[in-house]
Amino acid sequence: MLQVMAKVLEALRVTVAGCPTFSKRDAFSCIVGIIDKVADLKLKQPSFDTLTSFAEALGPQFVMTQLHKKAAAHKNPKVQSEAINWIARAIVEFGLAGMDVRALLDWAKEDLGSANAGVRNSAIQLLGVMYRFLGPALGDMIRADVKPALMTAIDGEFAKNSDLPKPEPTRVSRVAASARGGAGGAKGVAKGGAGSATGAATGGSAAGGGFDPDDLLPRTDISGQITAELITQLCSSNWKERKAGLDAIEAILTQAGNRIQPQTGDLLPELKKRMADSNKNLTTQALTVLGRIAKAMGRAIDRQGRPLLTPAIKNITDQKQTVRSAVTEMLDAWVGVTSASCVMPDVMEFYVSSKITADGKAETLKWMASLVSAGKVNDCVPDTLRAAAMGSADKAAEVRDAASKLMTILVETSGAAELGAIVQSLDAASRKPAMEAISKVIGAPIPLAAATFSAVAPISSAKPSAASATRSSKDLLRSSTSSISRPGTASSTASRPGTAKSSGVGKSALGSSMAALAAADAGPLLMPDNRKEDRARKGRFRPAKLQIMPDEAQTLEAEFSPMMSPALRAAAFSKDFKKHCEAADMVTKVLPAVYDDVIAVTDLLFRWSTLRILESNTASLVKVLEMLKLLLDLMIERGYRLSEYEAKLILPALVEKSGHNQDKLKAEHRELLKRFAQVHPPIKVVAYVKDGLESKNSKTRVVCLDEIAAIVERTGPVVYRNSPGASARPASGSAPNDSLMAAVARLVAERDTAVRAACLGVMEVVYCIEGPAIWDYVGRLTDQQKSLIEERIKAVGNRLARAGTQPGFKAAEYGLQMQQQDDPMVVSPSPANNTPRRPPSPMRRSGIGLGLAPSNSGAVGSPVARGGLMDNLPARMAAASTAAPVAAVPASSDSPPPAPKGPDVAPYDVRRVHSPLIGRFGSFNLAYAPANGGDSTVLTSLEVGTYKCAHYWANILLIA
């Protein structure tokens with residue numbers, strides 16, 4: 001049955017192709033039968049081909065209309081979705097010209113409301129195909145009638161089709177071909193009968209793809225909605241009613257899909273009054289409404305809305321930035337549907353008037369700069385050049401800055417030579433400032449300015465007329481380039497009557513000017529500078545921590561721009577991150593060749609790099625890090641040392657952003673910090689890294705802790721012993737809390753697991769160098785912090801013991817003497833059988849009653865592990881009964897008793913005792929003890945906080 005139906009469809013295609021009298025009635029009968037077959041997987045393609053043959057015979061619009069009508073009424077949603085798919089296919093093959101776009105949009109909106117997901121997806125794909133022809137305006141047509149969630153999916157489809165080119169039609173219907181053929185034939189007969197077929201083909205391509213999408217999208221007549229009540233609201237003395245009227249206009253525009261016909265009734269005359277509204281918020285809204293009307297009306301706005309343009313432009317002098325921004329947005333909308341030449345005369349008329357303020361001038365120049373960058377000035381280059389020349393001589397600094405940026409963009413887009421020719425069309429008052437401004441930008445005299453123009457083109461001594469002042473730049477450039485760019489032609493060598501040497505003068509002037517232009521284009525990327533020490537003197541009070549002023553970008557641009565080439569300046573201080581990438585690439589490529597020039601402006605380059613790093617744009621960040629990496633490599637190779645002023649311009653930002661989400665960029669930050677430690681003292685680099693421990697970003701804190709551990713391993717204990725706030729060998733427990741290790745130790749109890757692990761990693765590195773003396777550098781800690789560190793170093797000690805070494809073994813690598821004192825927190829092997837011993841008791845850990853190892857030298861002995869108070873208690877009591885009497889402490893003295901003299905007195909280690917019990921009354925030092933049988937000793941001197949505590953502890957120890 002399927003094979004029979006496939007043959008029937010094939011017979012239909014052959015019949016339609018060979019029957020010129022195939023009618024719409026015949027097609028209607030066939031479509032009724034084919035509609036069920038489009039949902040069949042095996043008959044789908046033959047059905048589509050048959051429908052395409054119908055479209056070639058009768059036109060695609062008729063087939064689309066009948067097919068969608070039948071499919072929408074069908075019970076099977078698969079039929080409806082496949083019908084929509086064929087419509088999208090037909091649009092690609094036949095093109096959108098000649099089709100009813102409004103009907104297609106209505107069908108799409110209807111199908112988007114279907115309960116079947118397949119139908120909705122097919123409708124979204126249909127809109128995506130139409131987007132390739134119509135562009136972004138299509139979204140505005142349907143946005144008001146589509147739910148936000150569904151519109152998000154449609155925008156995603158638009159984004160996928162935005163980069164695809166507009167399809168070229170591959171099929172033409174017989175109806176359209178015959179109409180174009182008749183027109184082409186008539187044209188050919190009128191011209192002598194030549195090329196009727198060529199004319200038909202040309203017309204076919206024009207009709208199929210060469211159309212203006214703006215003409216295809218339908219526009220809504222809103223004149224019926226501009227009622228008397230709405231006009232009354234706009235004229236009301238109550239600002240709330242005026243605002244309600246403006247809101248109603250915006251709602252009407254949204255409902256019309258932002259595409260309206262020129263008929264607006266009394267709307268525009270009343271809207272003109274709102275341009276001078278006493279309520280500035282309503283003025284801003286009125287300007288926004290005017291911009292929306294311009295976009296919705298299209299080219300007709302230049303005729304219908306011309307009376308509103310000048311009152312709207314006058315608001316550019318307003319004190320509020322929001323009002324000025326609304327004016328420039330309205331001008332952008334106007335230029336977008338017309339051209340810059342439609343608004344530029346009105347803009348320049350107000351720009352040269354005495355009513356404009358400095359804010360208005362600056363805003364106008366910025367708007368012109370955006371137009372020039374976008375390539376929308378066309379024949380308005382003389383006007384923009386005149387505005388830039390006037391602004392460069394203004395007394396307001398912000399106006400001069402804006403004029404300088406505009407002139408830079410003009411030089412980049414039009415070229416210094418062309419601008420030099422255009423200068424001659426300006427009035428005498430603007431000509432000299434324009435020349436000076438161009439020369440300042442290119443850093444040399446104008447290549448093709450007064451000399452070339454006077455040598456080649458005659459200049460009248462009379463004042464230029466108004467027509468010549470507003471002469472089109474296209475005509476001027478065409479005439480100048482025709483006579484200048486080809487010096488070997490007759491037109492360039494022709495001289496005026498009576499001036500036989502003018503041709504030679506023109507040639508010489510042209511040659512020198514072109515040489516100057518080539519030299520300017522091939523100039524250095526960075527100019528030499530010798531003011532680095534002055535900048536360092538001024539910046540010595542700059543804070544070492546990360547602190548960026550709000551006007552840093554503007555200040556840096558003013559300081560750095562004179563030392564940059566025009567191309568580098570425009571890229572470095574552009575608002576586009578892609579330009580920033582280009583600027584970093586430009587510096588990276590020439591860095592080895594211009595190393596000395598870069599070193600002269602290293603501080604400015606670091607400030608620019610800081611701004612780019614803090615922007616958090618991944619693309620520009622990668623380029624800036626590559627540039628800094630190459631610069632540091634060259635510094636290391638050539639032995640350059642960074643000053644403190646240079647380091648604090650870049651290191652705070654580099655440390656703050658080192659906790660990047662991407663591991664690759666995180667590693668790049670650490671590589672740069674490693675290189676900075678080779679051109680700047682590591683102890684100063686680690687101070688900046690220490691500041692990163694206070695970052696709000698936990699990833700930054702982790703990277704900083706890892707980098708501190710790496711710097712300690714590379715450099716040794718000097719980085720934390722000599723860090724700010726730390727002494728070389730502080731007394732036990734007396735390390736200041738602002739030292740490096742104290743700052744690290746405080747993070748050991750952080751909630752973030754990665755931070756705790758990184759902090760304990762630093763402690764492990766220091767423990768392998770210092771051994772038990774690590775406690776001398778960590779400052780005051782809480783019990784929780786101490787316990788966490790104790791657990792870690794205990795585990796490290798056990799691991800080192802199993803490896804046959806002990807804590808502090810790395811001290812020899814840095815030329816230090818390893819500490820010999822035991823660490824009571826580490827389980828050490830017994831000297832007898834080399835098996836691990838149990839940890840000492842808390843009393844033994846405190847060091848009370850430790851005996852002395854036998855020593856022949858009589859020097860200070862070291863405590864042995866078997867001398868605790870509680871060990872061998874009976875023997876100790878027996879020894880105490882034969883011990884020498886303890887000297888009585890005078891009642892009137894608060895000082896400890898003198899140590900007994902005699903040959904049997906062995907000095908004890910002077911060490912601070914830490915114990916929970918002693919902590920209640922104060923701390924004391926073990927001073928001396930008599931040698932009574934080795935490890936059976938009795939304490940004779942106690943240093944306590946008070947006299948009562950001394951007697952209390954002395955009695956207890958004597959009893960023991």
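Helix 21, helix 22 (381-392), helix 23, helix 25 (428-442), helix 32, helix 33 (566-572), helix 34 (577-590) and helix 36 (602-614) each contribute at least two residues to the lining of the second largest pocket. Helices (H or I, at least four residues) and strands (E, at least two) are DSSP runs numbered from the N terminus. The structure is a predicted model, in which local features need pLDDT of at least 70 and side-chain atom pairs count only at pLDDT 80 or more, while totals for chains, interfaces and linings use all residues. Residues are numbered from 1 along each chain as its sequence is written, and side-chain values use heavy atoms, with hydrogens and water left out.

The second largest pocket has a volume of about 1800 Å³. On a 1 Å grid over the protein atoms alone, a pocket is an open set of points where a 1.4 Å probe fits, with protein on both sides within 12 Å along at least five of seven lines, and lining residues have an atom within 4 Å of a point. Grid points are joined across faces, edges and corners, and the volume is the space filled by probe spheres set on the points. The pocket is lined by 49 residues, of which Asp 401, Ser 404, Lys 405, Glu 557 and Phe 573 are the closest to its centre. Helix 23 supplies the largest share of the lining, 13 residues. By residue class, the lining consists of 23 nonpolar, 10 polar and 16 charged residues; Ala, Val, Leu, Ile, Met, Phe, Trp, Tyr, Cys and Pro count as nonpolar, Asp, Glu, Lys and Arg as charged, and the others, Gly among them, as polar.

Two of the residues closest to the pocket centre, Lys 405 and Glu 557, form a salt bridge, with 3.6 Å between the closest N and O atoms. This pair links distant parts of the chain, Lys 405 in helix 23 (residues 397-414) and Glu 557 in helix 32 (residues 552-560), 152 residues apart. A salt bridge is a side-chain nitrogen of Lys or Arg within 4 Å of a carboxyl oxygen of Asp or Glu. Lys 405 is partly exposed, at 41% relative accessible area, whereas Glu 557 is buried, at 17%. Buried means under 20% relative accessible area, exposed over 50%, and partly exposed in between (1.4 Å probe, protein chains only).

The count of salt bridges comes to 43. In one of them, the side chains of Glu 363 and Arg 324 meet at 3.5 Å, N to O. Glu 363 lies in helix 21 (residues 358-374) and Arg 324 in helix 19 (residues 321-337), 39 residues apart, and both residues are buried. Glu 615 and Arg 612 form another salt bridge, with the closest N and O atoms 2.7 Å apart. Here Glu 615 is partly exposed, at 39%, and Arg 612 is buried, at 8%. A network of salt bridges links Asp 49, Glu 56, Arg 89, Glu 93 and Arg 171.

Phe 577 is located in helix 34 and is partly exposed, at 33% relative accessibility. Leaving aside residues up to four places away in sequence, Phe 577 touches Asn 617, Ala 619 and Ser 620, where contact means heavy atoms within 4.5 Å. The C-alpha atoms of Phe 577 and Ser 620 are separated by 6.3 Å, although the two residues are 43 residues apart along the chain.
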